[in-house]
Amino acid sequence: MELDRISNLPSNVIAKLLSHLSVREAVRTSVLSRKWRYRSAMLPHLVFDHQCVSTQEHISFVNIVDHVLLGHIGPIHKFKLSHVGGVATWDIDRWILHLSRNSIKEFILEIRQGFNYSIPSWFFSCQDMIHLELLGCVLKPPSTFKGFRNLKILVFQRVTLAQVGFQNLIACCPLLERLTLLDFPFPILKIDAPNLQFLYVQGDFEDVIFENTLNLVDVCIDSEVGRRWVSDRSSNLVKFLVHLPHIQKLDIVGFSLQILAVGALSAKLPKPCPYLKFLSIWGDRGIGVLVWPADQESQAAWSEVKSLYGNRVFPLTQLRLVKISYIYDCKPELDFIRFLLLNSPVLEKMIVKPSSPDDSWELGAQLLQLGRASVHSEIIYLNP
């Protein structure tokens, strides 16, 4: 009889192999032999998506999920449900109730069409949660909810949630490291997360306020609406950067640049961005490439910096690459480019793309006249 080498593999290796199969394929392995009968019933990671379909018409998606959950043996560490229709809210309610009793660690729920699903109250008892992703859901935490104390990764897309509830949720997740917010309805986002390292925000907001975010190293801000003008004249850029002392990668997209441009620089600036290595800027709008090699000495560039900014200089000592796209030929944007060039002593490349051909050659000529702190830098100018 031929040796069954796969069945004699260590249990952890077999579990790893099964984890790469869909739920449907994993369940089908139970017919291979007696040794495989309960293997699929012990999988800690369960993913129910478009692949969970039966060739028999009388077996529905709900039937498949019910069958797997009722027959499951052991803990469920990850549960993903990507719903595209045909599932009632009470079905999802009872699945979440089942999971709340199984120390779930990673929960992903994607309601892609049809309705916004209201998360039931018992979901908030899942205190072992480390990873949470919600799409198309309504979230109303009960008054007794004190946050997910072990949560490290949070992704919200099209999630309906009161602003106060959101702020309390973030503040009550002390271990949160990665936060992604897509299509959020709040005009002003307030982020209070002392352990946060990664932040991606995209939506119709007007401002982002940071508090206790000193560990952020990777930030992308993408605002799709123009900002209301503020009454005070303090610099939004300074208020933004003062809470990001360890930032290494910064992406500013859409109207976010307008948000940061509001206000005047104060007499005294903090010393931000000593670790910044990557800066990308995309404006709110997109035959040839103009390459500008460095031909000035860095000492002359630094003299120009001091003449423009006096003692308010904070060199970006790690910045090597800058991308600026869809900009207009206007003074604030040119001043910002000039500031970056004069404050980046190790800059290697800056890529600039204007918003329209009408501004291209005049803008390119102005860029040629700007000084730089890095004698090895080059500007790559892309005509739209």
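**Figure 1. Lys190 and Glu211.** Lys190 is partly exposed at 30% relative accessibility, a class lying between buried (under 20% relative accessible area) and exposed (over 50%), with a 1.4 Å probe and protein chains only. Glu211 is likewise partly exposed, at 30%. The two side chains meet in a salt bridge, 3.4 Å from N to O; the term stands for a side-chain nitrogen of Lys or Arg within 4 Å of a carboxyl oxygen of Asp or Glu. This pair links distant parts of the chain, with Lys190 in strand 9 (residues 188–192) and Glu211 in strand 11 (residues 207–211), 21 residues apart. Strands (E, at least two residues) and helices (H or I, at least four) are DSSP runs numbered from the N terminus. The model is predicted: local features need pLDDT of at least 70 and side-chain atom pairs count only at pLDDT 80 or more, while totals for chains, interfaces and linings use all residues. Residues are numbered from 1 along each chain as its sequence is written, and side-chain values use heavy atoms, leaving out hydrogens and water.

**Figure 2. Glu348 and Arg320.** A salt bridge joins these side chains at 3.3 Å, N to O. The pair connects distant parts of the chain, 28 residues apart: Arg320 lies in the loop between helix 8 (298–309) and strand 16 (321–327), and Glu348 in the loop between helix 9 (331–342) and strand 17 (349–354). Glu348 is partly exposed at 43% relative accessibility, and Arg320 is partly exposed at 39%.

**Figure 3. Arg112 and Glu110.** The closest N and O atoms of this salt bridge are 2.9 Å apart. Glu110 is buried at 11% relative accessibility, whereas Arg112 is partly exposed at 45%.
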